[in-house]
Amino acid sequence: MTATHPLHPSRMGLSATLSLDAAPARVSWCRSAAGAVLDAWGVETHARETAVLILSELLSNAVQHGAAPITVRLTLDRWEGALVGTVEDAGAGWPTPADRDPAEMIEGGRGLLLVGMLATRWGVTKTAGGVGKAVWWCQAVPYLGLEVLR
């Protein structure tokens, strides 16, 4: 039997899942819970704040336009320095960025434009069974205090 080094890539993934209903008050709760998870994982402040902002935008969309249940997943790949987040809901609607000048969007409609500016990549996929969708994003996270052994 071979022991796996503690810094081996197979041991660098961290994951958290939050499930919630579609009540607007849950957005604030989920934002705080996700921030606490990212803090516990040692994610740098700027990257954490960016992730929480993206999550808040996607979660607000799911609450307003989607349907319960809503599931939030965060996965941190410390080896690659990447955070992937997913907001999944059972609604049939498909999110698309607003096709307007952002200056005209006083009351809303800027969320996906903001996600597109802040995330490294983002997209939408159908959930298993074809009911609902999962909106995901990926963002780089800075060095997390890992030493490279040579």
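Reader: How do strand 2 and strand 3 pair, and over how many bridges?
Author: In this predicted model, strand 2 and strand 3 pair in the antiparallel sense over 7 bridges. Two strands count as paired if DSSP finds at least two bridges between them. Strands are DSSP runs of E of at least two residues, helices are runs of H or I of at least four, and both are numbered from the N terminus.

Reader: Which residue is the bridge partner of V72?
Author: The bridge partner of V72 is V87, in strand 3.

Reader: And what lies between the strands of that hairpin?
Author: The hairpin of strand 2 and strand 3 has 4 residues between the strands, and G81 takes a positive phi near 70°.

Reader: What is the order of the strands in the sheet?
Author: The open sheet of 5 strands has the order 1-2-3-5-4, with antiparallel pairing. Strand 1 and strand 4 (121–126) stand at the edges with a single partner strand each, so one side of each has no neighbour in the sheet.

Reader: How many bridges join strand 1 and strand 2?
Author: Strand 1 and strand 2 pair in the antiparallel sense over 8 bridges, and L14 stands opposite L76 in strand 2.

Reader: What about strand 3 and strand 5?
Author: Strand 3 and strand 5 pair over 8 bridges, in the antiparallel sense. T86 has W136 in strand 5 as its bridge partner.

Reader: Changing topic: which residues of helix 2 are buried?
Author: Among them are A47, V52, I54, L58 and V63. Buried means under 20% relative accessible area, exposed means over 50%, and partly exposed lies in between, with a 1.4 Å probe and protein chains only.

Reader: What do the buried residues of helix 2 pack against?
Author: They pack against several elements, including strand 1 (13–20), helix 1 (25–40) and helix 3 (111–118). Contact here means heavy atoms within 4.5 Å.

Reader: How much of the protein is buried?
Author: Buried residues make up 38% of the 150 residues.

Reader: How should I read the numbering and the values?
Author: Residues are numbered from 1 along each chain as its sequence is written, and side-chain values use heavy atoms, leaving out hydrogens and water. Local features need pLDDT of at least 70 and side-chain atom pairs count only at pLDDT 80 or more, while totals for chains, interfaces and linings use all residues.
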